[in-house]
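Here are a few notes to go with the structure, for when you open it for the first time. Have it on screen while you read.

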Amino acid sequence: MNTKEQNMKGKVCLVTGATAGIGQATVMLLAERGATVIGVGRNSAKNEYSTKIIQEKTGNSAVEYMLADLSSQKEIRALAQGFQDKYDRLDVLVNNAGATFGERLESVDGIEMTFALNHLGYFLLTNLLADILVTSRPSRVINVSSSLHRLGKLDFDNIPFKEGYARSKAYQRSKLANIGFTYEMARRFSNNDVTINAMNPGLVATNVGEVAGGVVAKMKGVVDKIAGLTPEEGAQTIIYLAASPDVAGVTGRYFVKEKSVPSAKTTYDLGFCRQLWNLSESLVA
Ligand SMILES: NC(=O)c1ccc[n+]([C@@H]2O[C@H](COP(=O)([O-])OP(=O)(O)OC[C@H]3O[C@@H](n4cnc5c(N)ncnc54)[C@H](OP(=O)(O)O)[C@@H]3O)[C@@H](O)[C@H]2O)c1
């Protein structure tokens, strides 16, 4: 079934990184299907602008934005609380906000920024919303990862990354962590009718536009023109995972172009996933 025909009316969806790129396209496509959509952004002006254009374009007034910097645990906690104060259900959570950093930065919590935003942001928000996901079951969590997870190496003894930091390495390990987290959470939630899957949107012409994190940053405009998918194309598999009956009950998988495909070998290592979970718990405690 074409996902365009899928009606999401009555579903409440929360999408992070919703002011640009793939996240903004996701809000738009969910709103087109009639869902109540709450985008998360860290900039009030961008939030207001996105709300306005998406409401106007889709004719769906049930689109709103909430403010949070997802590299800050305090702000993630406030977001989760604010969401639950306002909404009594959550059918779909899309963890999508992500970035790369040319220089090593630390979050306000003192954690290497890429790991804090791209991985711990997903981990903490999902765990804080776990109860409402369970009470809304069947519910779905979608974690936006990347094919670059395959190059990722996560050295549990070097999470601060003070030595050997490189933008690409920090990004790749965060995207590997997205999948390790997805598989571990799927095991922990296997009896709850909350499904959790990871996906790769492909090479999408956005601000992150993954090439921007690599050596060909200056070529980004050219590469976007040649190879970049539109944000809407990049969001297709997210919409599939959010809406399609084909994936009802399917959990703990990695999807590319609406197909479940194998992820990197490390992500199937139960010890790796458990260690990542325990470390993440300790970093958000
Ligand atoms: N583009 C690609 O080729 C590609 C390929 C594979 C995977 N991905 C993944 O797709 C996801 C979305 O990336 P994109 O390409 O759509 O990038 P994008 O256009 O740069 O959008 C990133 C979104 O994340 C938000 N964000 C960044 N830092 C944040 C923070 N500290 N707190 C809250 N929100 C924050 C941005 O907000 P602002 O608008 O305020 O900056 C923006 O809404 C990422 O997880 C990325 O790893 C992208």
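**Notes on the model**

1. Let's begin with a helix pair. Helix 4 (residues 113-128) packs with helix 9 (residues 270-284) at an angle of about 85 degrees, and their axes are 10 Å apart. Angles of 65 to 115 degrees count as roughly perpendicular, so helix 4 is roughly perpendicular to helix 9. Keep in mind that this is a predicted model.

2. Which residues of helix 4 and helix 9 make the contact? On the helix 4 side, look for Phe115, His119, Leu120, Phe123, Leu124 and Asn127. Helix 9 brings Leu276, Trp277, Leu279, Ser280, Glu281, Leu283 and Val284. Sorted by class, the contact of helix 4 with helix 9 has 9 nonpolar residues, 3 polar ones and 1 charged one.

3. Now over to the ligand. There are 32 residues around it, and the ones that come nearest are Thr19, Arg42, Asn96, Tyr171 and Thr206.

4. The side chain of lysine 175 has an N or O atom 2.9 Å from an oxygen atom of the ligand. For tyrosine 122, it is again a side-chain N or O atom, and an oxygen atom of the ligand is 3.3 Å from it. Glycine 202 uses its backbone: an N or O atom there lies 3.4 Å from an oxygen atom of the ligand. How much of the ligand does the protein bury? Taken alone, the ligand exposes 900 Å², and 96% of that is buried by the protein.

5. Next, a peptide bond to check. The one from arginine 137 to proline 138 is cis, with omega near 0 degrees. Where does proline 138 lie? You'll find proline 138 in the loop between helix 5 (130-135) and strand 5 (139-144).

6. Last, have a look at phenylalanine 161. Its phi is positive, at about 55 degrees, although the residue is not a glycine. Phenylalanine 161 also belongs to a loop, the one between strand 5 and helix 6 (167-188).

Methods
Residues numbered from 1 in each chain as written. Predicted model: local features only at pLDDT ≥ 70, side-chain atom pairs only at ≥ 80, totals over all residues. Heavy atoms only, no water. Axes fitted to C-alpha atoms, helices over the stretch in contact; angles between N-to-C directions. Helix = DSSP H or I, 4+ residues; strand = E, 2+ residues; numbered from the N terminus. Parallel < 35°, antiparallel > 145°, perpendicular 65-115°, else oblique. Contact = heavy atoms within 4.5 Å. Nonpolar A, V, L, I, M, F, W, Y, C, P; charged D, E, K, R; others polar. Near = heavy atom within 4 Å. Polar contact = N/O pair within 3.5 Å; in protein donor to acceptor, adjacent residues only side chain to side chain. Areas by Shrake-Rupley, 256 points an atom, 1.4 Å probe, with all protein chains shown as cover.
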